[in-house]
Amino acid sequence: METSSTKNHRVSFTEEQKETFLIRLRELVDGRPLQQAADIWKIPKSTLNNYFYRGSHPRMEVIQHIASEEGVSVEWLLGKCNAKTEREKKETIEADQKTRLAEDLQIISLLDMVSQEDKRALLKGIFEIGIKGILSRLQLADEVETSHHDQPEREYTLEELEAMIMKLPVRDSLKTAFAKGVAAGEDADKEILRILESYQRGISPEGDTDNAATPDSSLNSKAG
């Protein structure tokens, strides 16, 4: 229950709320002369002048009176919510409640899919570090994963490349050829491609038509 002291106290504003209050009060004036608005709201014109031009803070009683006359909510006029009327305010509250209920049901549905062991582990984590602690750790894990994706892939050593090649599911002779090609360098790559293309055409590297193409002996010296 409101007392007379509550109704007559000056409203405290943040700078943003004060600016919003003046914008919305001017919206309610709606282009009318201040004297006309003051007469409708049954307040002195000087009171409105003080609000608009002297930065005075209004009394709660005046705010409630203006809001009642114009059919808007006190919270909207004070810049504390975006619901202009009491009906809009009620609809906003109901929408928020429905959203929270839907989110709660979604969490319950997800928990139904989790094993009892995982539920116990989750409850234990909540008791030990709290919801905010769990969320902060999940956020940290996402940031670490993102930073890994952003980092360029490092250069592998020759030994690492050869080890990866030797793990390929192909015949040993082909793995050995790959490994030697890596060690030999780019010139050897071109020579190997030339030989393979010639082999596919049924031509030996030396230019003779021969299905059994013989690799160039220079590869052995390049590969070491």
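This is a predicted model: local features need pLDDT of at least 70, side-chain atom pairs count only at pLDDT 80 or more; totals for chains, interfaces and linings use all residues.
Local features were taken where pLDDT is at least 70 and side-chain atom pairs at pLDDT 80 or more, whereas totals for chains, interfaces and linings use all residues. Residues are numbered from 1 along each chain as its sequence is written, and side-chain values use heavy atoms, with hydrogens and water left out.

Two aromatic pairs were found in a search of the whole structure. A pair is counted if the ring centres of Phe, Tyr or Trp (its six-membered ring) lie within 6.5 Å; planes under 30 degrees apart are called stacked, over 60 edge-to-face, and the rest tilted. In the pair formed by F21 and Y51, the ring centres are 5.9 Å apart and the planes stand at 70 degrees, so the pair is edge-to-face. F21 belongs to helix 2 and Y51 to helix 4, so this pair ties together parts that are 30 residues apart in sequence. Helices here are DSSP runs (H or I, at least four residues), numbered from the N terminus.

F21 is buried because its relative accessibility is 1%, and Y51 is buried because its relative accessible area is 3%. The other pair consists of F52 and Y53, whose ring centres are 6.3 Å apart and whose planes are at 55 degrees, so it is tilted. F52 has a relative accessible area of 13% and is therefore buried, while Y53, at 64%, is exposed.

Two loop residues have a positive phi without being glycine. D30 has a phi near 55 degrees, a positive value in a residue other than glycine. The position of D30 is in the loop between helix 2 (15-29) and helix 3 (34-41). With a relative accessibility of 61%, D30 counts as exposed. For K42, which is not a glycine either, phi is positive at about 60 degrees. K42 is placed in the loop between helix 3 and helix 4 (45-53). The relative accessible area of K42 is 63%, so this residue is exposed.

R87 is part of helix 7, which covers residues 86-112. Its relative accessibility of 64% means that R87 counts as exposed. V72 is 15 residues from R87 along the chain, and the C-alpha atoms of these two residues are separated by 9.2 Å.

Conventions: Buried means under 20% relative accessible area, exposed over 50%, partly exposed in between (1.4 Å probe, protein chains only).
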